[in-house]
Number of protein chains: 2
Amino acid sequence: MPKSISGPEIERLIQLLAKVPGLGPRSARRAALHLIKKKEQLLGPLASAMAEAVDKVRVCSVCGNVDTADPCSVCTDPRRDGTTLIVVEDVADLWALERAGAMNARFHVLGGTLSPLDGVGPDDINLKSLVSRVAAGGVNEVILAVNATVEGQTTAHYITDQLSGLGVKVTRLAHGVPVGGELDYLDEGTLSAALKSRTAF
Amino acid sequence: MPKSISGPEIERLIQLLAKVPGLGPRSARRAALHLIKKKEQLLGPLASAMAEAVDKVRVCSVCGNVDTADPCSVCTDPRRDGTTLIVVEDVADLWALERAGAMNARFHVLGGTLSPLDGVGPDDINLKSLVSRVAAGGVNEVILAVNATVEGQTTAHYITDQLSGLGVKVTRLAHGVPVGGELDYLDEGTLSAALKSRTAF
């Protein structure tokens, strides 16, 4: 779009919006126009919410979660069971598990997975802090809730190694048929795992 | 997501992002997390770009375009041909036509279409200002670049009525096969129109 039709400020807004995941160059234009039209109701509040987030959001020094408090509200919540620690790759995974609401445990966010080919080693993710959290005592079980990918499983094995000898139970998520899933659409690996881990009906 | 895992500021950011067209509740969470992770490179600049837009962007009092200047840069651009006026429904249409770059004309944004069923009458869209712009003289041709919908066409007829007697040529966009389009996928109306308006090869 030539600069001459709507000013550099709008152009800059569109360019930045296009970098938001879920928006491309085309939908960024549409979003910008919608925001400008709803200046008072949406654009203004969004601008200040973002400025506030820039100002206040930080990474929790204990678990790696993002929050406006450090340690974060998960780490300081007294109602949570501190004897169970769920290890996840990313904050998004923490959020997903919290939405499921199945465990009232604490978390540890790795911030990535081991990936030697990409040059990601043990020092590049939050592994040391995990080991020292467990070594400090009080944790009975570490649940490895990493993705079922090659990198995720490599990382899980490495963590199990590092935690051996600390007297802590290390578990992983069950493999099986997703709830609501149709067998016909599932891969062989998942079906084999589901058969192997069959439970009494 | 319970409030206790990441603070009300992040929750508010997600809620507002979910109102951006193209983002739903799920992708808003993903977007918020991405923005927080790229605080310096993306969230900060985006917050200030939005604040600047809130501050500076206004609707052009002449044509209805959005810009940081009023009259907007399209209206004040001396290189544009002021004798041709392209009437569009929305600023997005103005942008789309400008991207096509086919005409070096000025624009008039209606900000909607006549729609008696929805209670949108001639006074609810920028029609009066169009008539007075044309009546003021200097315009030779008004191109009605409204959507090929019932409302768009109703509006086009109404505008033609209003402009009759002002000594101005009123034209509309051609109907036909979209460039790159396949006949097999086109509706009968478009094909009939394309046949009727066939041109010498």
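## A tour of chains A and B

Across the interface of chain A and chain B, the salt-bridge rule picks out four salt bridges. Keep in mind that what you have open is a predicted model. To see one of these contacts, select A:Glu9 and B:Lys56: their side chains meet in a salt bridge, at 3.7 Å from N to O.

**Stop 1: the interface.** Now colour the two chains differently and look at where they touch. Chain A puts 57 residues into the contact, and chain B puts in 57 residues as well. The size of an interface is often given as the accessible area lost when the parts come together. Here the area buried between chain A and chain B is about 5200 Å², and carbon and sulfur atoms give 72% of that. Which residues in chain A lose the most area to chain B? Select A:Ile5, A:Met50 and A:Trp95: together they make up 14% of what the chain A side buries.

**Stop 2: helix α2 of chain A.** Select residues 25-37 of chain A. This helix has 13 residues, so at 1.5 Å a residue it should span 18 Å; its end C-alpha atoms are 19 Å apart, which agrees. Show the side chains next. Among the buried residues of α2(A) are A:Ser27, A:Ala31, A:Leu33 and A:Ile36. What do the buried residues of α2(A) pack against? In chain A, the partners are α1 (7-17) and α3 (39-56). From chain B come α3 (39-56), β2 (66-67) and α5 (91-100).

**Stop 3: the sheet in chain B.** Switch to chain B and find the open sheet of four strands, in the order β4-β3-β5-β6, with parallel pairing. At the edges sit β4 (105-109) and β6 (169-172), each pairing on one side only. From one strand to the next, the twist averages 25°. Zoom in on β5 (residues 141-144) of chain B, which pairs with β6(B) in the parallel sense over four bridges. Select B:Glu141 and you'll find B:Lys169 of β6(B) standing opposite.

Helix α6 (residues 128-135) of chain B lies across β3 (81-88), β4 and β5, running at about 150° to β4(B).

**Last stop: A:Thr190.** Go back to chain A and select helix α8 (residues 188-196), where A:Thr190 has its place. Is A:Thr190 buried or exposed? Its relative accessibility is 19%, so A:Thr190 counts as buried. Leaving aside neighbours within four places in sequence, A:Thr190 is in contact with A:Gly176 and A:Val177.

Conventions. Residues numbered from 1 in each chain as written. Chains lettered and ligands numbered in written order. Predicted model: local features only at pLDDT ≥ 70, side-chain atom pairs only at ≥ 80, totals over all residues. Heavy atoms only, no water. Helix = DSSP H or I, 4+ residues; strand = E, 2+ residues; numbered from the N terminus. Expected span 1.5 Å × (residues − 1). Buried < 20%, exposed > 50% of the residue type's maximum accessible area, 1.4 Å probe, protein only. Contact = heavy atoms within 4.5 Å. Pairing = 2+ DSSP bridges. Axes fitted to C-alpha atoms, helices over the stretch in contact; angles between N-to-C directions. Buried area = accessible area lost by both parts, 1.4 Å probe.
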